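Student: Could we go through this model together, taking the enclosed spaces and the parts of the chains in turn?

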Amino acid sequence: MNKKSLSQQIYEARWCYLFVLPCSILTGMFVLYPIGMSWYFSLLDWSGFTKDAKFIGLQNYAEAINDPFFWNAFSRSFIFMFGTVPVKIILGFVIAVFLNNQVLKLSPFFRTIIFMPVVTAIAIIGIVMTFIFSPFNGPANKFLMATNLTSGPIDFLGNPDTVLPTVMGVYVWKWLGITMMYWLAALQTVPQDVYDAAKIDGAQGYRLWIHIILPIVLPFAIVIILVEAVSALNVFPLIETMTAGGPFFSSEVMEVYIFRTAFVTDAGTMPRLGYACAAGVFWGVAVLFITALQGFWMRRTRRI
Amino acid sequence: MSKYLNFIAEKNQVRYLTITVFFLIFSFFWIYPLLWVLSASLKTDFEIWGGLGLIPDKLIWENFERAWFGANMGRYFFNTLIITVVSVVIVVITTGMFGYVIGRYAFPGKKILIGILIATIFIPQGYTIIPVFDLLTDLKISKNLIGLTIATAGHTPVIYILLFAGYFSRIPVELEEAAKMDGAGFIRTFIMIMLPLTKPVVATVSILQVLHAWNDFLLPVVITLGNPDIRTLSVGVYAFKGEYFVDWSGMAAASVITILPIIILFLFMQKYFVEGVQGAVKG
């Protein structure tokens, strides 16, 4: 077959280009263009509400890296990630292993229940949880006191020491159903004959798991960790509605910091979109860097 | 033979019962916060903070009336409904078309296009929200539902495209050739023959987009900062918390109005929810 020229190929594929156009325009407008613009905005001294924007070079970045609140939020985002992802991965796996048993008649029911918080609006979860964890007769404190686990009410969301673990716990509760579904998908790829063969060879109990099943589900584990890690860095709605970053900024993660500097301001001061963009760019690059590292690790592991 | 691994032997009744009972108790605690808000929406404020019980003494339906009319949840409900339905239509059409050509055709530039798409998966939303807000303002659609709807549709298509592309690529070529012989053009083949075959993916993508659009928070909260009229339910309940801080039962009713439709949808169409979620790791 003789090779067609590029222009001929392009002409023949004209319908293909027409078909990718609508989606490409949307992605361009709401994903690619914003990425480019946030780089530009980050170089401006700009409130976002007036037309007068002043070009100030890298000053926003300099200010951000000298702001302790910025670094606190930055590290808190990672504390959040490292505190929640392992819990979700392990707990999700254990639950999936149990619910994967067909013999368990109520298994579909349990799956539905555990998945239910996933479909519930995250902002509503945040608001309802402020009730649940209220120190004034909130159900969580009522339960703890009724069972004599604590003597007095705990101000879960009002105490800087307990607020982050509480929000992390709610986050795990909210999204564990997804992790469980990932693991169920992984476990169901283990072929029955592999299992049968292992049994004939006398592999049982933990040996069956370590030598037969874990190696098969491991490639899934890496994808699951990657997906979970990225989503644990996107927790704005939950934290904004539960604590708005408080008390005294003790639960302020990066996205809440960006939102606060961009849109929410103390009386009398102007919002600072330019500065918030600089923080956002810094953050986006950091996340992409971590993702790339994980992606690299994933490819290496899969090759072996 | 089942494809599942059964380690709970049917004969071992004690183990079976222990596991079942454990999961029953676990499920109750797991779901308690949702049951709590449902029961609180039908209680008086006094009763809400009275005890851990879930059954109201008397059903107070006025809570819903107050939320629906007084706190404007009725309006926010229809805003959310419009945004959700229209964004589902946009997303299914655009990602379906995209997935179709990616899954079935080779053309110059295809690899670059896929590469760009994959790269966008990991962009945090917080990173793009400010320019999106600015873009809608410049296009003069930041003060009505149009802007919010388009932005909602524009944000998450990558996984949908992969689902469509995967499904389309498995449809046998003969079908297309037969259509060509009958004189059907590119668009007609797509609409009349290909799209109807992908009903399961259309359903999965629609469900995922409903979930996303209905529950989204960051985008609508930013876009509606200066326009209370176009708030969505999530933003409405959040604003409710700020405005009527002491109306606990009204807020619980507003929360139920927001979450119940999706929970009901989930209970009836669970299969598609699960498929959509699992598509992310299977691919």
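The questions and answers that follow concern a predicted model.

Student: Which helix gives the most residues to the lining of the largest cavity?

Tutor: The largest cavity holds about 50 Å³ of space, and its lining is made up of ten residues, of which Glu255(A), Ile258(A), Phe259(A), Ile129(B) and Leu218(B) lie nearest the centre. Two elements give two or more residues to this lining, namely helix H12 (254-262) of chain A and helix H6 (125-138) of chain B. The element that gives the most, with four residues, is H12(A).

Student: Which helix gives the most to the lining of the second largest cavity?

Tutor: The second largest cavity, with a volume of about 40 Å³, is lined by residues of both chains, including Trp173(A), Met129(A), Pro33(B) and Ile259(B). Helix H6 (122-132) of chain A and helix H1 (13-40) of chain B are the elements that give two or more residues to this lining. With four residues, the element that gives the most is H6(A).

Student: How many charged residues are in the lining of the second largest cavity?

Tutor: Thr120(A), Ile124(A), Ile125(A), Val128(A) and Leu34(B) are among the residues that line this cavity. By class, the lining has eight nonpolar residues and one polar residue, and the number of charged residues is none.

Student: How far apart do the C-alpha centres of domain 1 and domain 2 of chain B lie?

Tutor: The domain assignment of chain B gives domain 1 as residues 13-63 and domain 2 as residues 65-282. Between these domains there is contact, in which twelve residues of domain 1 of chain B meet 13 residues of domain 2 of chain B. Their C-alpha centres lie apart by 32 Å.

Student: What span does helix H8 of chain B reach from its first C-alpha to its last?

Tutor: Helix H8 of chain B covers residues 158-169, twelve in number, and the residues buried in H8(B) include Val158(B), Tyr160(B), Ile161(B), Phe164(B) and Phe168(B). At 1.5 Å a residue the expected span is 16 Å, and close to this expectation the helix reaches 16 Å.

Terms used
Residues numbered from 1 in each chain as written. Chains lettered and ligands numbered in written order. Predicted model: local features only at pLDDT ≥ 70, side-chain atom pairs only at ≥ 80, totals over all residues. Heavy atoms only, no water. Expected span 1.5 Å × (residues − 1). Buried < 20%, exposed > 50% of the residue type's maximum accessible area, 1.4 Å probe, protein only. 1 Å grid on protein atoms, 1.4 Å probe; cavity = no way out; pocket = protein on both sides within 12 Å on 5 of 7 lines; lining within 4 Å. Points joined across faces, edges and corners; volume = space filled by probe spheres on them. Nonpolar A, V, L, I, M, F, W, Y, C, P; charged D, E, K, R; others polar. Domains from an automatic or database assignment. Contact = heavy atoms within 4.5 Å.
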